[in-house]
Amino acid sequence: MTLATLVEYAQTSFGVPIPPADEPPDLTLPAPRLPPRPPIPDWLRTRRPEQEAPADRAHPWQIHDTVPPPLPPPNVDAVGADALAFYLPFHFYSDGWGIYIRESGVKYLACVLKDGALIPGDEHYLATAEEILYHHEMWHAAAEVACTRAELLARRSMYREYFRERDAAEHEEALANANAIRQCLRFPDAPMRSQLEHWMRRQGPGYSDYARWSKTPAFARGRNASARFMTRALPKPVPKVAGAPHDFLYRGAASYPSMPVARVLDVESSGASVVRPFPKEFGLQVLVYTRDHDPPHFHIFLPSEGKETRYLWPGLVPYEGDPRLTGSNEKAFRRYWNNHGQGIVAKLETVYQRGVG
Ligand SMILES: [Zn+2]
């Protein structure tokens, strides 16, 4: 079953949009028990379309300068990954549902993993941090998918009720953190893992229980326990817990390639960046790194050949040592420049802080 089929079923049958964001939680209170789910954060609610960039692996991180540890975002001690990234459920958001990863959030977690500032060469901390956030939020998506499958068979609303239940929400956070650890640290990097666990152990209810579920048999039991929360309102007979009878609801649920994932390039970021891609057209794509080094240049990516070269701006000639595009690719690039040159120049001007000379 495709993700689109499930989403359509959920939205047409049980999806009632919730109004945008409640008041932010009062952070002055001592260790508040948060409402069952963290509210949609400001950085996500107030994002502008030009702040969004795709989050696929073809756009790697680059560090151009020392990245000092960012100030802790509000709430990060309590809700960990959900202060640095977020999942908007398709039951409640007909537009814009999916996973969002905040650029400054990746940097924050990367500095936690390294236990210090990042310097050029530390890109793997950023890549791992982003994977951790992705797999935490992907678990929230998987839970919604599993619950929608149950709804499909039961033909009644379950996600809305499940979503609002505190025990269920806390349990889902424990599994989301466990999932992140399981997915990201399969190739053990002991210091990074111990930093990550140290960070998670100090988080709020649910989040800090990840260790109970991070081993394989326990994780299956954890999924089953989640599904029992989801199906609580269904009639008897309730299946035994042994053998994790509800586990099938989760099969493949955390690996839909069509799950929308976006990076949000927020303003606080500096020192390292992801790339700002322009559209793919005429068999090529221009990429501008949001904080790249001098001399002013951009990257031209040829997806079909898997090759990349750099051209200088404003001269539009190859960067020293980089190959010139071959005849047909050069023609394609000229057509591409006609269509997108203006936008690329505008971006380069902001990156290099100068007008057209
Ligand atoms: Zn979460």
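**View 1. Confidence along the chain.** This is a predicted model. The mean pLDDT of the chain is 86. A value of 70 or more is reached by 87% of the residues. Over residues 19-34, however, the pLDDT is below 50. This stretch has 15 contacts in the model beyond near neighbours in sequence. Where pLDDT is low, the predicted coordinates should not be read in detail.

**View 2. Strand β4 and its surroundings.** Strand β4 spans residues 98-102. Four of its five residues are buried, so the strand is largely enclosed by the rest of the structure. Strands β3 and β5 both pair with β4.

**View 3. The pairing of β3 with β4.** Strand β3 covers residues 85-88. Four bridges join β3 to β4, and the two run antiparallel. Here Phe86 stands opposite Tyr100 of β4.

**View 4. The pairing of β4 with β5.** Strand β5 covers residues 261-264. Four bridges join β4 to β5, and this pair runs parallel. Ile101 stands opposite Arg263 in β5. In a regular strand the side chains alternate between the two faces of the sheet.

**View 5. Helix α7 against helix α9.** Helix α7 runs over residues 166-184, and helix α9 over residues 216-230. They pack at an angle of about 150°, with axes 10 Å apart. Angles over 145 degrees count as roughly antiparallel, and α7 and α9 are therefore roughly antiparallel to each other. The crossing of α7 past α9 is left-handed.

**View 6. Residues where α7 and α9 meet.** From α7, the residues taking part include Asp167, His171, Leu175 and Arg182. Among those they meet in α9 are Phe219, Arg223, Ser226 and Phe229.

Technical notes:
Residues are numbered from 1 along each chain as its sequence is written. This is a predicted model: local features need pLDDT of at least 70, side-chain atom pairs count only at pLDDT 80 or more; totals for chains, interfaces and linings use all residues. A residue is buried if 20 or more other C-beta atoms lie within 10 Å of its own, exposed if 12 or fewer, and partly exposed in between; C-beta atoms are placed from the backbone. Two strands pair if DSSP finds at least two bridges between them. pLDDT is the predictor's confidence in each residue, from 0 to 100. Two residues are in contact if their C-beta atoms, placed from the backbone, lie within 7 Å. Axes are lines fitted to C-alpha atoms, for helices over the stretch in contact, and angles run from 0 to 180 degrees between N-to-C directions. Angles under 35 degrees count as roughly parallel, over 145 as roughly antiparallel, 65 to 115 as roughly perpendicular and the rest as oblique. A crossing is left-handed if the near helix is turned anticlockwise from the far one by less than a right angle, and right-handed if clockwise.
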